[in-house]
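Welcome, and please take a moment to look over the sequence and the model. A short briefing follows, grouped by topic.

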Amino acid sequence: MTLDRAVLMFAGFMILLTLALGTWVSGWWYLFTAFIGVNMMQSAVTGFCPAAIIFKKLGIKSGTAFD
């Protein structure tokens, strides 16, 4: 798995997790879902993604997701 695919997988998992938590635990979890969306938009514009930095330090190789 490449870095960009790992970031997409992690973001999708976190969105689904926080939607489930918002439904079954507390509606406040939807704020975290919104934070994930905002973070995805800012990383698309700036190129800065904290998850990508962490995954890169864990040794996941870089790649191009949509070749």
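Helices (H or I, at least four residues) and strands (E, at least two) are DSSP runs, numbered from the N terminus. This is a predicted model, in which local features need pLDDT of at least 70 and side-chain atom pairs count only at pLDDT 80 or more, while totals for chains, interfaces and linings use all residues. Residues are numbered from 1 along each chain as its sequence is written, and side-chain values use heavy atoms, with hydrogens and water left out.

**Overall layout**

- The protein chain has 3 helices and 0 strands, in the order α-α-α along the sequence.
- Its C-alpha trace spans about 35 × 25 × 25 Å along the principal axes.
- Of the 67 residues in the protein chain, 24% are buried (buried means under 20% relative accessible area, exposed over 50%, partly exposed in between, with a 1.4 Å probe and protein chains only).

**The nonpolar surface patch**

- Trp24, Val25, Trp29, Phe32 and Phe35 form a nonpolar patch on the surface, and together they have about 590 Å² of accessible area.
- Patches are made of residues with over 30% relative accessible area and no salt bridge, where like charges are joined within 9 Å and nonpolar side chains (Val, Leu, Ile, Met, Phe, Trp, Tyr) within 5 Å.
- A salt bridge is a side-chain nitrogen of Lys or Arg within 4 Å of a carboxyl oxygen of Asp or Glu.
- Accessible areas come from the Shrake-Rupley method with a 1.4 Å probe, and for residues only the protein chains shown count as cover.
- Helix H2 (residues 29–46) gives the largest share of the patch, 3 residues.
- Val25 sits in the loop between helix H1 (3–24) and H2, and Val25 is exposed, with a relative accessible area of 57%.

**The core and helix H3**

- The largest nonpolar core has 7 residues in all: Leu3, Ala6, Val7, Cys49, Ala51, Ala52 and Phe55 (such a core is a set of buried Ala, Val, Leu, Ile, Met, Phe, Trp, Tyr and Cys residues joined through side-chain atoms within 4.5 Å).
- H1 and helix H3 (50–57) each supply at least two residues of this core.
- The buried residues of H3 are Ala51, Ala52 and Phe55.
- These residues lie on the same side of H3 because they cover an arc of only 100° around the axis, taken from the directions from the helix axis to the C-beta atoms.
- Ile54, Lys56 and Lys57 are exposed on the other side of H3.
- Just after H3, Gly59 takes a positive phi of about 100°.
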